[in-house]
Amino acid sequence: MASCRVYDLRVLVATVCGLLTAIVLGLGIWRTVIKIQTGTSTPTSNTEISLCSNGGTWENGRCICPEMWKGWRCTIPNVCNNSTEYGFTFDQIAVGKYGPSKQKCGKNTLNAGRARATRLCSISIYGQIVLGNVTVGDCDQNLETLEKKVVSDTAQSLDNISSEAQFLTHDSDSLTAANITSAAKVVGQIFNASRNATSEAKQVAVTTVSQLLDAPEDVFENAAAVDNDAFATLIKEMETYSLSLGDKPVVKPNVALQSVPLTSSSPTRVLFSVKKGELDSLISGSTTVDTNANNLNPDAETELQILLNTSKGNTCGFVVYQNSKFFQSKTFKTESNFSQKIISSSTDAKDQKTSVEILFNPRYDHKNFQIYSYACVYWNLEKKDWDTKGCHKQKGTDEFFYCHCNHTTNFGILMSFKKNYKYPESLDYISKIGCALSITGLVLTIVFQIVTRNVRKTSVTWVFVSLCTSMLIFNLLFVFGIENSNSVIKHDSDNNKMDSTENQIPAQDTVFISNPTCTVVTALLHYFLLVTFTWTGISAAQLYFLLIRTLKPLPQHFILFISLIGWGKFPAVVVVLTIGLIFSQNKDRPHWELSYRQEEICWLAIQEKNNLVTSPFLWSFILPVTLILIHNIVVYIIIIVKVIWKNNNNLTSTKKVSTLKKIIRMLSIAVVFGITWILAYLMLIDNNYARLVFNYLFCLFNTTQGLQIFILYTVRTKIFQEEASKVLKSLSLSTGRMKSMPSTVSLRLRVRMYNMIRSFPSLNEHFRLLEPSVITEETTLSESDQANPSI
């Protein structure tokens, strides 16, 4: 019956340990996947959470609402509800957008799968949201056929072509580079004054241009690489068209045009302003004109202003583009998603000098980025690229940037940003003390293993020494290299860049301060941590062979084989493949290394994008470490059940001492197997208090892992205890021979030495209590504890 109870206890322990391990690992992996899929970014501020509703974002002191909502807190619907008319059904449509019908074109048509009809949702002059008439498209027409027709058709048929072009571009997400090019050519011909298109056709063409600017940036890049002339023609024709609108502006979500006719008695200065607004788009009232202004006069709502100095009796035209997608530069590369408005000004004056003063208040993430430098530029239609000729910077502020140009055309500012990285503080005292103790313990353990190999009458345990060596190197790299040296560098040139009057076009919109040393440290940390985990897995396999499969010899050339795996074959291949793949995918980017490491600390990057495959932290670290930990835990449970807690009637020690020894042996094996790294998965819990507790536990157990190894595998051996006793006795004898010292100092010293000598027996008994003993004849754990404790 006693054996049955013991057997049941072993089964219960194994079952509980297995379930707990599976739950912890499962939750850890699941939380890791969820965090990488959803990104690691946190809300920008509590204000955003409390004020902005329905997906609105807090930016520059206000809520930027998505297209379906408006209002100060994004709580007012900005949509037309579901509708049905003329047999066509429509879902909700955002204001200013054309919504597609649920009815699609047939399979045998050119537009198979596209909506058969569209409907505009707009705001009336009385401020009410209204639905427009249903526009039915031709399923047998596409943008490529319209491009061929527009060249030869008459002015009357241009109305139908303009409507068809608008109909075919309403779904901007599905547009291809060829579609963008064809549509640009079609609307460019409609704006051409020589084609005599009606004003209705041109206004519909403006809607097409606005819809095109909703297409993805990479589609425009591909289109410009094939044919950039279509964009240049369209830009020029839009500028000409802006002079013919009279006093009625045309405003669409992504583009606005306005004419300002001047009489002979009018002032020669015209101020055109663009307001921020509640929405991240242009609406009626977003633009204003002031013919009585003498200077730029921005207020809190101003996003863009241009002051045109011209002659009396001229007509001025202005065009605002919500973004710069039509202006694909070969010299300026963009990676950020900050919206950059482009302003165009022109006059019908010939051979007369004009000049402009421009003010920009660009939108960008002020919390995470700061402007490093900027340039005042214009779009050179001959070069089809940005140019600075005739433009210079004027003294600005932190909020507004001023430019002056001695000609009229399409203007913008090109900005380069530097990310405000939040470098963590230096390692706290827990980490410093723990790592220092681990480094000391590991050094002493390695020295002890080498020096006492003859006394112990056994060779140095290669697996154990390799594990301690890799752990030692990792701890040294962690302490002296984990912090990025960029965090302590003061870049005095940053302010000089902003204050400089040099008007030089930056190469790209993001600035990265390279630090190859940090990248090397990251690779070394990555490598040696994988090496450490690999040796823990090898230790588990070796201990399994020695304790469980005692009658079977180790495989041939076992030491050579495990050395190749532990020191090179597995961890080196993982690190080299990771760096090689990341470099090959990002070699054209000057800051490719940030795809491998973080800038805040010298460690693996965690991608913010929702793409698991591109996260090196997942597939080059979490995945292999998880597999090794699962292997180690399985072996650990087997050893606990079959060896440590196995019933043995031959044991003569007391139950209390026997249980203590078993617990110590369990801890010893757990330390070598790296079982405490399970706490890393528990740090992913959403609860802040629980996560804080597990953070401290993880830091405490894993930074002192080297110290634990020293205590459990060096201090507990008989050889170390004997040598320590000899040292203590020699110290006690030497103190007895010391000469008496004067008065109080001598008396105090003698009292201290006497107390220390009296403590020696208790220290010796403490060592004896921890002394390992023979378990049973069924295992070889006694050999590992006494003669060679480093298995």
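Residues 617-645 are 97% helix and 0% strand, with 38 Å between the end C-alpha atoms. Helices here are DSSP runs of H or I with at least four residues, strands are runs of E with at least two, and both are numbered from the N terminus. This is a predicted model, in which local features need pLDDT of at least 70, side-chain atom pairs count only at pLDDT 80 or more, and totals for chains, interfaces and linings use all residues. Residues are numbered from 1 along each chain as its sequence is written, and side-chain values use heavy atoms, with hydrogens and water left out.

The unreviewed UniProt entry carries the annotation "transmembrane region" for residues 12-30, 429-448, 460-482, 524-546, 558-583, 617-645, 666-685 and 691-715. UniProt positions are given in the numbering used here, feature names are shortened, and annotations may be inferred rather than shown by experiment.

Now take the chain as a whole. It has 21 helices and 25 strands. Of its 791 residues, 47% count as buried. Buried means under 20% relative accessible area, exposed means over 50%, and partly exposed lies in between (1.4 Å probe, protein chains only). The accessible surface comes to about 39,800 Å², and carbon and sulfur atoms hold 58% of it. Such areas come from the Shrake-Rupley method with a 1.4 Å probe; for residues, only the protein chains shown count as cover. Among contacts with a separation of 6 or more, 71% are between residues 24 or more positions apart. A contact means heavy atoms within 4.5 Å.

Next, the disulfides. A search of the whole structure finds six. Each is a pair of cysteine sulfur atoms within 2.5 Å.

Start with Cys65 and Cys74. Their sulfur atoms are 2.1 Å apart. The S-S torsion of Cys65 and Cys74 is about -90°, so this disulfide is left-handed. Cys65 is buried at a relative accessible area of 5%. Cys74 is buried as well, at 0%. Cys74 sits in the loop between β3 (69-70) and β4 (76-77). Its backbone deserves a look: phi of Cys74 is near 60°, a positive value in a residue other than glycine. Most residues other than glycine have a negative phi. Lys384 is another case, with a positive phi of about 55° although it is not a glycine. Lys384 lies in the loop between β20 (369-380) and β21 (385-387).

Cys376 and Cys403 are joined with their sulfur atoms 1.9 Å apart. The link of Cys376 and Cys403 is left-handed, with -75° about the S-S bond. The pair ties together distant parts of the chain: Cys376 is in strand β20, Cys403 is in strand β23 (residues 401-405), and 27 residues separate them. Cys376 counts as buried because its relative accessibility is 1%. Cys403 counts as buried at 2%.

Cys518 is buried at 2% relative accessible area. Cys602 is buried at 2%.

Other cysteines are buried too. Cys435 has a relative accessible area of 2% and is buried. Cys468 is buried at 1%.

What does Ser242 contact? Its partners, leaving aside neighbours within four places in sequence, are Leu257, Gln258, Ser259, Cys316, Gly317, Phe318, Val319 and Ser346. Ser242 lies in the loop between α8 (229-241) and β12 (250-252). Ser242 counts as buried because its relative accessibility is 0%.

Val447 is in helix α9 (residues 429-451). Val447 is partly exposed, because its relative accessible area is 43%. With Val443, Ile450 and Val451, Val447 makes a nonpolar surface patch of about 320 Å². Patches are made of residues with over 30% relative accessible area and no salt bridge; like charges are joined within 9 Å, and nonpolar side chains (Val, Leu, Ile, Met, Phe, Trp, Tyr) within 5 Å. A salt bridge is a side-chain nitrogen of Lys or Arg within 4 Å of a carboxyl oxygen of Asp or Glu.
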